[in-house]
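Subject: Structure for you to look over

Dear colleague,

I am passing on the structure we spoke about, and I would be glad if you could read the notes below with the model open beside them.

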Amino acid sequence: SLAGWTSYKKSSPPEKGWDVKDGWLHHGAKAGGGDIVSAEKYSEFELTWEWRIAEGANSGLKYFISDERKGGAIGHEYQLLDDDKHPDGKKGLNRQTAALYDVLDPSNRPVKKPGEINASRILVKGMHVEHWLNGEKVIDFDYTDPKWAESIELLRIRGADLKARGGKLWLQDHGEDVWFRNIQMREIPKNEELT
């Protein structure tokens with residue numbers, strides 16, 4: 001259902017653009033309505049979901065959004081894209097599926113064709129962040145590791161609050177068809193170690 005999601009423009013349920021059918025949370029092409037934002041905030045978590053997009057489509061899932069009411073809020077974004085047919089796909093790997101949008105390239109992209117179902121995962125523990133796509137880890141970085149200093153600076157320049165934790169999730173309306181389902185969030189206990 002749309003329970004737990006609000007319009008980024010105001011604290012109310014999505015009024016248009018988004019619907020639920022056959023277990024899919026769907027945004028229709030040119031349906032309006034804007035992005036939607038989770039009611040809850042998350043700090044250290046494991047997030048999994050399934051998704052598919054139409055041919056030529058673009059979307060994304062943002063996390064660590066500290067103030068969802070700001071227009072064009074910047075956080076960390078897991079890119080969802082038709083890499084072959086959307087113009088962003090031609091602008092570099094850091095704009096393609098599973099990238100940390102505009103910042104980090106995925107190491108590989110086991111992405112399925114538009115219309116087919118992909119499975120994604122984001123893992124955040126302390127300063128450690130991972131992106132997964134269809135069972136493969138494609139991004140793995142730590143804020144405190146000097147080798148990522150340039151990427152972390154790019155995030156800061158883009159407006160991301162690098163100290164922010166407890167941010168909301170944000171599903172994007174880019175004006176094209178995108179579907180999400182089986183969105184599952186597990187908050188990671190402080191005493192749990194990553195393997």
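This is a predicted model: local features need pLDDT of at least 70, side-chain atom pairs count only at pLDDT 80 or more; totals for chains, interfaces and linings use all residues.

The largest pocket

The largest pocket holds about 280 Å³ of space. It is lined by 20 residues, of which Ser1, Ala3, Trp5, Leu25 and Ile183 are the closest to its centre. The elements that contribute two or more residues to this lining are strand 3 (24-27), strand 4 (36-42) and strand 12 (178-187), and strand 12 gives the most, with six residues. By residue class, the lining divides into twelve nonpolar, six polar and two charged residues.

Aromatic pairs

The count of aromatic pairs in the model comes to eight. One of them is formed by Trp18 and Phe180, a tilted pair with 6.4 Å from centre to centre and 35 degrees between the planes. Since Trp18 lies in strand 2 and Phe180 in strand 12, this pair ties together parts that are 162 residues apart in sequence. Trp18 and Phe180 are both buried.

A second pair that I would ask you to look at is that of Phe45 and Tyr63, whose ring centres are 6.1 Å apart and whose planes stand at 85 degrees, so that the pair is edge-to-face. Here too the pair links distant parts of the chain, with Phe45 in strand 5 and Tyr63 in strand 6 (residues 58-65), 18 residues apart. Phe45 is buried, as is Tyr63. Ring pairs also link these two residues with Tyr42 and Phe64, and the four together form a cluster.

Strand 6 and its partners

Strand 6, which carries Tyr63, is mostly covered, with eight of its eight residues buried. What are the partners of this strand, and how many bridges join them? Strand 6 is joined to strand 7 by six bridges, and three bridges join strand 6 to strand 11 (residues 167-171). Strand 6 runs antiparallel to strand 7, and its pairing with strand 11 is antiparallel as well. On the side of strand 7, the bridge partner of Leu61 is Tyr78, while Lys62 stands opposite Trp170 in strand 11.

Residues in the loops

In general, most residues other than glycine have a negative phi. Lys30, although it is not a glycine, has a positive phi of about 55 degrees, and its place is in the loop between strand 3 and strand 4. With a relative accessibility of 79%, Lys30 counts as exposed.

Ala98 also has a positive phi, near 75 degrees, in a residue other than glycine, and it is found in the loop between strand 7 and strand 8. Is Ala98 buried or exposed? At 0% relative accessibility, Ala98 counts as buried, whereas Lys30 is exposed.

The loop between strand 7 (76-81) and strand 8 also contains Lys113, which counts as exposed because its relative accessibility is 61%, the cut-off for this class being over 50%. The C-alpha atoms of Lys113 and Glu55 are separated by 8.3 Å, although these residues are 58 residues apart along the chain.

I would be grateful for your comments on any of these points.

With best wishes

Key: Residues are numbered from 1 along each chain as its sequence is written. Side-chain values use heavy atoms; hydrogens and water are left out. On a 1 Å grid over the protein atoms alone, a cavity is a set of points where a 1.4 Å probe fits but cannot get out, and a pocket is an open set with protein on both sides within 12 Å along at least five of seven lines; lining residues have an atom within 4 Å of a point. Grid points are joined across faces, edges and corners, and a volume is the space filled by probe spheres set on the points. Helices (H or I, at least four residues) and strands (E, at least two) are DSSP runs, numbered from the N terminus. Ala, Val, Leu, Ile, Met, Phe, Trp, Tyr, Cys and Pro count as nonpolar, Asp, Glu, Lys and Arg as charged, and the others, Gly among them, as polar. Rings of Phe, Tyr and Trp (its six-membered ring) pair if their centres lie within 6.5 Å; planes under 30 degrees apart count as stacked, over 60 as edge-to-face and the rest as tilted. Buried means under 20% relative accessible area, exposed over 50%, partly exposed in between (1.4 Å probe, protein chains only). Two strands pair if DSSP finds at least two bridges between them.
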